[in-house]
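Student: I would like to work through this structure with you, one question at a time.

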Amino acid sequence: MKWKKKNLQCFGISSSRRFLLGYGGAPGGPAAFPGQAQDPLYGYFAAVGGQDGQIDADELQRCLTQSGIAGAYKPFNLETCRLMISMLDRDMSGTLGFNEFKELWAVVNGWKQHFVSFDSDGSGTVDRQELEKALMTMGFRLSPQAVTAITKRYSTHGKIAFDDYIACCVKLRALTECFRRRDTTQQGFVNFHYDDFIQCVMSI
């Protein structure tokens, strides 16, 4: 079945190059690299990771909590951590290696800076208008209807907390990447087989 751009606005997706959020290519696999043990982030990772050099959602939650990346905001819940893993879990193992964790850290920290800059009153939440501005600064150009749909999905009484904001950004990026990989001509629409569509959406 054909999913045009307007049909995908409920997911916050646009395939145009200038609308896509890019953080560069993914780093390599979980193999060690020179100086890894000296990397400040490696201590947090190694403290919860197993001997296989991978961490799952529970371990990621502990790792992020111990690292203090959420700052004064409420630590990430387990479902948000599952979403984070699904965003970068390219081998579908359900885990992240250290290099993937570093990529995640950079992405989440960038989103946090956006959140802080738009949380103008220091309430720990953003409203619909602030969310729309934040998404625009990240390169997304969404319709008012799409922003409203996203706000309803991730807000409580019209306010989006930090944890939900990150979950929103994770899903938006992951769905956009899923769509972009299939939009080989960059025309704004793709053909999805039903099973492919379900795999794309349900794996995030």
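Student: At roughly what angle do the axes of helix 1 and helix 2 cross?

Tutor: The model is a predicted one, and in it helix 1 spans residues 40–48 while helix 2 spans residues 57–67. Their axes come within 9 Å of each other, and the angle at which they cross is roughly 140 degrees.

Student: Are helix 1 and helix 2 oblique or roughly antiparallel to each other?

Tutor: An angle has to be over 145 degrees to count as roughly antiparallel, and the axes here cross at roughly 140 degrees. Helix 1 passes helix 2 in a right-handed crossing, and the two helices are therefore oblique.

Student: Which residues of helix 2 make the contact with helix 1?

Tutor: On the side of helix 1, the contact is made by Tyr44, Phe45, Ala47 and Val48. By class, the contact has five nonpolar, two polar and two charged residues. The residues contributed by helix 2 are Glu59, Arg62, Cys63, Gln66 and Ser67.

Student: How many residues apart in sequence are the parts that the pair of Tyr73 and Phe115 ties together?

Tutor: The count of aromatic pairs comes to twelve. Tyr73 and Phe115 form an edge-to-face pair, with 5.1 Å centre to centre and 90 degrees between the planes. Tyr73 lies in the loop between helix 2 and helix 3 and Phe115 in helix 4, so the parts tied together are 42 residues apart in sequence.

Student: What percentage of the span of residues 106–141 is helix?

Tutor: In UniProt, an unreviewed entry annotates residues 106–141 as "domain: EF-hand". The end C-alpha atoms of this span lie 23 Å apart, and strand makes up 6% of the span, whereas the share of helix is 64%.

Terms used: Residues numbered from 1 in each chain as written. Predicted model: local features only at pLDDT ≥ 70, side-chain atom pairs only at ≥ 80, totals over all residues. Heavy atoms only, no water. Axes fitted to C-alpha atoms, helices over the stretch in contact; angles between N-to-C directions. Helix = DSSP H or I, 4+ residues; strand = E, 2+ residues; numbered from the N terminus. Parallel < 35°, antiparallel > 145°, perpendicular 65-115°, else oblique. Left-handed = near helix turned anticlockwise from the far one by under 90°. Contact = heavy atoms within 4.5 Å. Nonpolar A, V, L, I, M, F, W, Y, C, P; charged D, E, K, R; others polar. UniProt positions renumbered as here; feature names shortened; annotations may be inferred. Phe/Tyr/Trp six-rings, centres within 6.5 Å; stacked < 30°, edge-to-face > 60°.
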